[in-house]
Amino acid sequence: MSAEKLSFQAEVSRLLDIVVNSLYSEKEIFLRELVSNASDACDKLRYLALTKGELLGDDAAFAITLTTDAKARTLTISDNGIGMDRDELIANLGTIARSGTAAFVGELSGDAKKDTNLIGQFGVGFYSAYMVAEKVEVLTRKAGEEAAWLWTSDGRGDFTIQQSEKAGRGTLITLHLREGSEEYLEADRLRQIVKRYSDHIAIPIRLVEGDKTETLNRASALWTRSKSEITPEEYKEFYHHAAHAFDEPWETLHWQAEGLISYTGLLFVPGSRPFDLFHPERKSRVKLYVRRVFITDDCQELVPEYLRFLRGVVDSEDLPLNVSREMLQASPVVQKIRQGIVKRVLGELQKKAEKEPEAYSGFWENFGPVLKEGLYSEHGSDREQLLKLARFRSSNGDGLVSLADYAGRMKEGQDTIFYITGEDAAALLESPQLEGFRAKGVEVLLLTDPIDEFWIPSVVEYEGHKFKSVTRGGTDLAKVKGAEKSDAEKKEEADSKDDVGSLVALMQLALKDEVKDVRASERLTDSAVCLVADEGDMDMHLERLLRQHKQLDNSFKRILEVNPAHPVIRKLAAHVAAKGGEASIDDAALLLLDQARILEGEPLRDARGFATRLSAFLEKGLG
Ligand SMILES: Nc1ncnc2c1ncn2[C@@H]1O[C@H](COP(=O)(O)OP(=O)(O)OP(=O)(O)O)[C@@H](O)[C@H]1O
């Protein structure tokens, strides 16, 4: 049968280009990647064989085998795992199979140095073979099938596929080494690389030289070993393998639960955000094993969504080996393990937060928005604990603060936790609604994650202190003790009160179609006006979000607050006092409303009208 020529998906070609020309300093990692794939292939078949024993035939002992041929300059890596059929071969090695990878390739800039760095964080799996090989052949036969397929490519845009022959199931990868890569023909070098990166692989990795066979790794599942015997390097390599990650784990948790249920957990908090963290399916990737046999990495009941950044394995002693997906969903054992994981992880995070606040801030920057989802979805003690773990930016400065910090700094007379929501902390700090709080030294939390709009209404309070948005309803600022006003200021305020009252009444009339109400403000000190939402209404930021997503129309009305101490408002009030019923403030009122909208970062509803009114006022002012 003749060979069929096919092209790589565009992203694969790009990736290959970069890999081949890569300045990767550690080319040796290609072997880690290929061994890791071989071990996954064995795991997959072992699981399938639980229900279809015949797939194993008379070859039940899984192994990964390395052989070299100095004359032909080839290194082969073979496994007796699940293998691939023709379609899988094309899908897995011709296109980008892993979720997130295509998006990742989209981020590559073409600048070799930067890209190599990015790839270093991400890993390129199978394609890393091209760092050391000028041609790669993959001969594979799927378990349970007779047909074998040979995939061949020099990694330059296309590959060929042809039907072939293979004695047993599994995959045999032949690397035709490049000039300068002869070191990978040497037994010592291979021993060293396997020891460094793949010692934790639970399947034996063998080196065959003539009639001599040597096992290069320990071949025992890492998590079954005692903690004191495992080095940080070994944990790291295991994390890279289990998580398909290439960063340093931020935290490693390894524990054995014994008692009513027994399981081992070896979980990692990644050092950086995994690519798929905010994918809509919000999946956890923790691998479930039952007595050392890999079962699935898609058991969503094992870890709550708000901890989906965790990577690693859980190995249960109590589940049956032939456990099905449906059984997992309803399993009380899985529920118990989940509770154990939550308790363990939240407890560890609490310790880190107390003992290493700076490192914890780094963690929070990465995963805080995900943990906050738990504030919304959880109740009871888990939620309580998450509230303790939560950190926020605040009007007090650059650092992150906890709710306990905030409560400890509340002013005399303050019983509320004030916050403001928006997209960006720096922009929030400029909000006019904050002015009065700043003047009284009252701290305001700056909430910038979309999830904040959802958990606050369901959490409601922290240790008896209600959460309150500074952009909604009254401020309660009068209750908070702050710098007392001087007698002169008090008198001036009292004098202007009546005038402002009349102005407000006129503005209410002028803007009756635009706003719900016009009120004298307690929260402004510098700006003339600002918009706020009425007490029972939706917060303004949420309203804006919904409007952007076309889930809300423009009919929602806000309250316009005016600052009685601002010179413009005073002048207007004086004008109203002098002219009485003759006073005309309509244009001024509309201009002030537009000004408040601009301060909110909102588009003007009538830009032309705004420009005309502004020009007229400028002309009058200059005339
Ligand atoms: N030895 C093998 N046996 C069976 N299937 C394999 C083997 N090697 C690779 N594959 C298949 O090819 C796919 C792509 O492999 P590749 O190494 O590029 O990505 P990955 O393993 O999914 O992720 P990573 O980039 O983290 O390694 C694998 O997901 C697997 O389905």
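Analyst: Happy to; we will take domains, a helix pair, a ligand shell and a sheet in turn. Keep in mind that this is a predicted model.

User: Let's begin with the overall layout. Which domains does the assignment give for the chain?

Analyst: The domain assignment lists domain 1 (4-220), domain 2 (224-368), domain 3 (391-479) and domain 4 (487-622). For a sense of scale, the C-alpha centres of domain 2 and domain 4 are 53 Å apart.

User: Now the helices. How are two packed helices described?

Analyst: The general idea is to give the angle between their axes and the distance between the axes. Here, take helix α2 (residues 29-51) and helix α6 (residues 187-198): they pack at about 65°, and their axes are 9 Å apart. The crossing of α2 past α6 is right-handed.

User: Which residues of α2 and α6 meet?

Analyst: From α2 come Ile29, Leu31, Arg32 and Val35, and they meet Ile193, Tyr197 and Ser198 of α6. Sorted by class, this contact of α2 with α6 has five nonpolar residues, one polar and one charged.

User: On to the ligand. Which residues around the ligand come nearest?

Analyst: There are 19 residues around the ligand, and Asn37, Ala41, Asn92, Gly125 and His244 come nearest. The elements giving two or more residues to this shell are α2 and α3 (86-94).

User: What classes of residue does the shell around the ligand have?

Analyst: The shell around the ligand has eight nonpolar, eight polar and three charged residues.

User: Last, the sheet. How do strands of a sheet pair?

Analyst: Strands pair through backbone hydrogen bonds, in either a parallel or an antiparallel way. In this model, an open sheet of six strands runs in the order β16-β15-β18-β17-β20-β19, and its pairing is mixed.

User: Do β17 and β20 run parallel or antiparallel?

Analyst: Strands β17 (residues 416-421) and β20 (residues 465-469) run parallel, joined by four bridges. To find your place, look at Phe418, which stands opposite Lys468 in β20.

User: And in which sense do β19 and β20 pair?

Analyst: In the antiparallel sense, over two bridges. Glu461 has Lys466 in β20 as its bridge partner. β19 and β20 form a hairpin with two residues between them, and Glu463 in the turn has a positive phi of about 45°.

How values were computed: Residues numbered from 1 in each chain as written. Predicted model: local features only at pLDDT ≥ 70, side-chain atom pairs only at ≥ 80, totals over all residues. Axes fitted to C-alpha atoms, helices over the stretch in contact; angles between N-to-C directions. Left-handed = near helix turned anticlockwise from the far one by under 90°. Contact = placed C-beta atoms within 7 Å. Nonpolar A, V, L, I, M, F, W, Y, C, P; charged D, E, K, R; others polar. Near = placed C-beta within 6 Å. Pairing = 2+ DSSP bridges. Domains from an automatic or database assignment.
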